[in-house]
Amino acid sequence: MDAPEISDLLVDYDPDTLARLPVRRSAVVERLRAAGRPGAARLAARLPARDDLLDEAAVDALLLRVHAELQRLSEEFDQGERVRFVLAPLLDALRAAGAPRPLRVVDVGCGLGYVVRWLAARGALGADVELVGCDYNRALIEAARAAASDEGLPCRFHVANAFTLREPATVFLSTGVVHHFRGDALVSFFREQARAGALAFIHFDIKPSHLSPLGAWIFHQARMREPLSRHDGVLSALRAHAGDALLAAARAGAEGLSSALFDGHVGPFPVLRIMHAVIGLRPDLRARFVDQLERLGPRGGRRLGAFS
């Protein structure tokens, strides 16, 4: 399904300067109606606007509430531990290969920076690791910085394009981001990471299955309060890329990196594995990474698909 999520349409940025651009409410409403989402169009029509331009402060306040609900979802589904489980052996493989230090881990589209702050709070990745979060939205980044400051955490957040940082990433990661990229844009997403010189990436997203839309609807009705969260959360499950599509895009875009799926198998009980990840790394790192992952036991190695 290629219908847009409401949150995709409420903000726009100049791709070069990242300056925020005005968004016409009528254009958002029309786009959602044209995509066959009348309920979403009614939600957008109620958003505050002046002379048809969406009120940026009101939009930011809404996005902060939505991301706070997303953070609660990440907490309840243990997303921090899910990322650490794959990231820690990958960093060990990079160290064994003599990768330059520091090992800079950059979270793309970090929102409130929950995963970066979770990793920083545990301090289990090593003193040679830098944790950085990037997002285009200043309100989200300021909230992430405030939370990290209150918690005294060793991590940084930037209003920036993660792929053009002055201090480039060693590893890119994300959670729930890749399904926002469709068609050629998904291939470009991976191409930009290769061009940025990253040695690896880990991108987690919803794993599609016959139960995932129903599961998303039940969870969002029970746990989310914002109508936008409920709408976009269920639509995210419908828009999630199949594992084969993620691998095809990664292999087409990130030339020079090998890719594989983690938790890609959809078994008879898909509710037990609600996320999968596409992992990419330099070919000479593959054996070291697989070895480090298998040291975690069958729980590690068997969940990783074949690299190519």
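Modeller: Some ground rules: the model is predicted, so local features need pLDDT of at least 70 and side-chain atom pairs count only at pLDDT 80 or more, while totals for chains, interfaces and linings use all residues. Residues are numbered from 1 along each chain as its sequence is written, and side-chain values use heavy atoms, with hydrogens and water left out.

Colleague: Fine. Why are H2 and H3 called roughly antiparallel?

Modeller: The axes of helix H2 (residues 25-34) and helix H3 (residues 38-45) cross at roughly 170° and come within 8 Å. Axes are lines fitted to C-alpha atoms, for helices over the stretch in contact, and the angle runs from 0 to 180 degrees between N-to-C directions. Under 35 degrees is roughly parallel, over 145 roughly antiparallel, 65 to 115 roughly perpendicular, and the rest oblique. H2 and H3 are therefore roughly antiparallel. Helices here are DSSP runs of H or I with at least four residues, strands are runs of E with at least two, and both are numbered from the N terminus.

Colleague: Which residues in H2 and H3 meet?

Modeller: Contact means heavy atoms within 4.5 Å. Arg 25, Val 28, Val 29, Leu 32 and Arg 33 of H2 meet Ala 40, Ala 41, Ala 44 and Ala 45 of H3. By class that contact has seven nonpolar, two charged and no polar residues. Ala, Val, Leu, Ile, Met, Phe, Trp, Tyr, Cys and Pro count as nonpolar, Asp, Glu, Lys and Arg as charged, and the others, Gly among them, as polar.

Colleague: What makes Phe 163 and Phe 172 an edge-to-face pair?

Modeller: Rings of Phe, Tyr and Trp (its six-membered ring) pair if their centres lie within 6.5 Å; planes under 30 degrees apart are stacked, over 60 edge-to-face, and the rest tilted. Phe 163 and Phe 172 sit 4.9 Å centre to centre with 80° between the planes, which is edge-to-face. The rings of Phe 189 and Phe 190 have centres 5.4 Å apart and planes at 80°, so that pair is edge-to-face too.

Colleague: How do you know whether Phe 163 is buried or exposed?

Modeller: Buried means under 20% relative accessible area, exposed over 50%, and partly exposed in between (1.4 Å probe, protein chains only). Phe 163 has 14%, so it is buried. Phe 172 is at 0% and therefore buried.

Colleague: And why is H6 described as largely enclosed?

Modeller: Seven of the nine residues of helix H6 (residues 114-122) are buried, so the rest of the structure largely encloses it. Among them are Arg 117 and Trp 118. Just after H6, Gly 123 has a positive phi of about 60°.
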